[in-house]
Amino acid sequence: MDASQEPHLPNYMKDDKVSQETKKLISSLPAAKDFMGYGLYNYKGCWYYPNTLQAVLDVQKHFRPRSTDIILASLPKGGTTWLKSLAFAVVNREKYRENPQLHPLLSQNPHDLVPFLEIELYTKNQIPDLSNFPSPVIFSTHMHLNTLHEATTKSSSSPCKIVYVCRGIKDTFVSGWHYRNMLHRTNMSQDAFELMFDAYCKGILLYGPYWEHVSSYWKGSLEDKENVLFMKYEDIIMEPSVQVKRLAEFLNCSFTKEEEESGSVEEILKLCSLSNLSNLEVNKKGTTRIGIDSNVFFRKGEVGDWKNHLTPQMAKTFDEIVEYRLRGSGLIFQ
Ligand code: PAP
């Protein structure tokens with residue numbers, strides 16, 4: 001598939017921002033096609049489209065976080081938009097306490113408030129000026145932890161906080177399927193669905209394999225509890241207040257007793273809820289800075305939507321793969 005022929009294709013899936021050096025590197029890498037035929041390349045165990053790989057290499061080379069920065073990490077469709085909203089609302093809650101109607105989440109898409117390192121900031125073959133970002137700076141990434149560490153561990157500052165969110169493979173996959181349909185503005189066939197399923201099972205997807213991604217952060221969170229927090233989308237759905245308080249505590253801005261009593265946690269949950277965000281004008285229309293329609297990031301947000309899409313055999317296959325790949329790690333998905 002020729003990426004330059006597809007009008008709605010986001011920049012990160014294209015191959016027009018790649019340096020000569022990276023082209024040379026790419027020609028030496030294992031290659032595969034995604035389920036639609038776009039080229040993916042495996043660099044150090046992870047699959048990328050060419051522009052994404054270029055940006056990842058640039059992040060590794062130039063991005064040096066400060067200890068006060070916060071990085072939100074996820075696999076695409078793992079809960080990125082929700083985590084961005086919650087983290088932004090938690091760390092900035094004092095700023096907007098007096099004037100909640102001025103809260104930036106009411107007028108900007110969460111992706112525009114928390115920029116992606118490799119999908120937005122480092123995509124233009126130049127080093128972005130990050131000095132004017134309001135503090136604390138929250139970045140996001142889909143890179144897996146080993147890849148991200150190539151940048152973060154070279155920083156002269158002490159480590160920054162990294163929060164990871166993930167979701168069970170079946171719902172992540174189904175959410176990704178809908179996303180691709182919305183992105184390409186089409187209803188793809190059952191054959192395409194099965195091709196995407198096969199590719200997912202083989203781990204061939206942007207930033208995949210799924211199990212390598214979740215494992216990298218799981219291991220990182222066990223090794224460095226102070227700086228890496230591992231969260232699950234399903235846990236936030238099940239016990240939202242507990243998880244938001246956990247997030248705040250990790251980010252060194254725990255809710256005070258007074259805040260808890262005055263309903264501050266619930267207010268944040270309401271502000272960041274799918275129903276609230278998806279009904280805001282800013283998220284219904286227009287595009288985000290990365291050129292993707294704002295509404296594409298909001299759909300059902302249900303745990304178990306996979307039951308409406310996967311056959312029992314497909315579900316069993318996913319369960320078996322994940323069980324096998326994560327065996328012994330202590331990480332379990334229900
Ligand atoms: P991204 O990685 O491309 O940014 P991401 O936000 O991780 O996508 O995933 C989108 C999913 O999160 C969608 O799930 P669904 O397809 O199963 O419906 C979307 O509905 C859900 N989502 C987005 N915002 C929220 C939110 N505020 N609360 C709960 N779920 C949300």
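Buried means under 20% relative accessible area, exposed over 50%, and partly exposed in between, with a 1.4 Å probe and protein chains only.

1. Basis of the note. This is a predicted model, in which local features need pLDDT of at least 70 and side-chain atom pairs count only at pLDDT 80 or more, while totals for chains, interfaces and linings use all residues. Residues are numbered from 1 along each chain as its sequence is written, and side-chain values use heavy atoms, with hydrogens and water left out.

2. Tyr 207. At 0% relative accessibility, Tyr 207 is buried. Tyr 207 belongs to the loop between H8 and H9; helices (H or I, at least four residues) and strands (E, at least two) are DSSP runs, numbered from the N terminus. The phi angle of Tyr 207 is near 70°, a positive value in a residue other than glycine.

3. Cis peptide. Gly 208 and Pro 209 are joined by a cis peptide bond, with omega about 0°. Pro 209 is placed in the loop between helix H8 (190-202) and helix H9 (210-223), the loop that also holds Tyr 207.

4. Lys 44. A positive phi also occurs at Lys 44, near 50°, again in a residue other than glycine. Lys 44 sits in the loop between strand E2 (39-43) and strand E3 (46-48). With a relative accessible area of 58%, Lys 44 is exposed, whereas Tyr 207 is buried.

5. Ligand shell. The ligand is surrounded by 21 residues, the closest being Lys 77, Thr 80, Thr 81, Lys 300 and Gly 301; a residue is near a molecule or strand if one of its heavy atoms lies within 4 Å of it. By class, the shell divides into 8 nonpolar, 9 polar and 4 charged residues. In this division Ala, Val, Leu, Ile, Met, Phe, Trp, Tyr, Cys and Pro count as nonpolar, Asp, Glu, Lys and Arg as charged, and the others, Gly among them, as polar.

6. A nitrogen atom of the ligand lies 2.7 Å from a polar side-chain atom of Tyr 233. The side chain of His 111 places an N or O atom 3.2 Å from an oxygen atom of the ligand. Cys 272 takes part through its backbone, with an N or O atom 2.8 Å from a nitrogen atom of the ligand. The ligand taken alone exposes 630 Å², and the protein buries 97% of that; accessible areas come from the Shrake-Rupley method with a 1.4 Å probe, and for residues only the protein chains shown count as cover.

7. Elements at the ligand. Helix H3 (80-91) and helix H14 (274-278) are the elements that give two or more residues to the shell around the ligand. H3 contributes the most, with 3 residues.

8. Asn 51 is part of helix H2 (residues 50-62) and is buried, at a relative accessible area of 4%. The Asn 51 side chain reaches the backbone oxygen of Asn 11 at 2.9 Å. Asp 69 lies in the loop between H2 and strand E4 (70-74) and is buried, at 3%. The Asp 69 side chain reaches the backbone nitrogen of Arg 66 at 2.9 Å.

9. Leu 326. Leu 326 lies in helix H16 (residues 312-326) and is buried, with a relative accessible area of 4%. From C-alpha to C-alpha, Leu 326 and Ser 215 are 7.2 Å apart in space and 111 residues apart in sequence.

10. Exposed loop positions. Ser 156 lies in the loop between helix H6 (145-152) and strand E6 (161-166) and is exposed, at 79% relative accessibility. Ser 156 and Pro 65 are 91 residues apart in sequence and 8.6 Å apart in space, C-alpha to C-alpha. Ile 127, in the loop between helix H5 (117-121) and strand E5 (138-141), is exposed at 53%. Ile 127 and Thr 153 are 26 residues apart in sequence and 19 Å apart in space, C-alpha to C-alpha.

Key: Polar contact = N/O pair within 3.5 Å; in protein donor to acceptor, adjacent residues only side chain to side chain.
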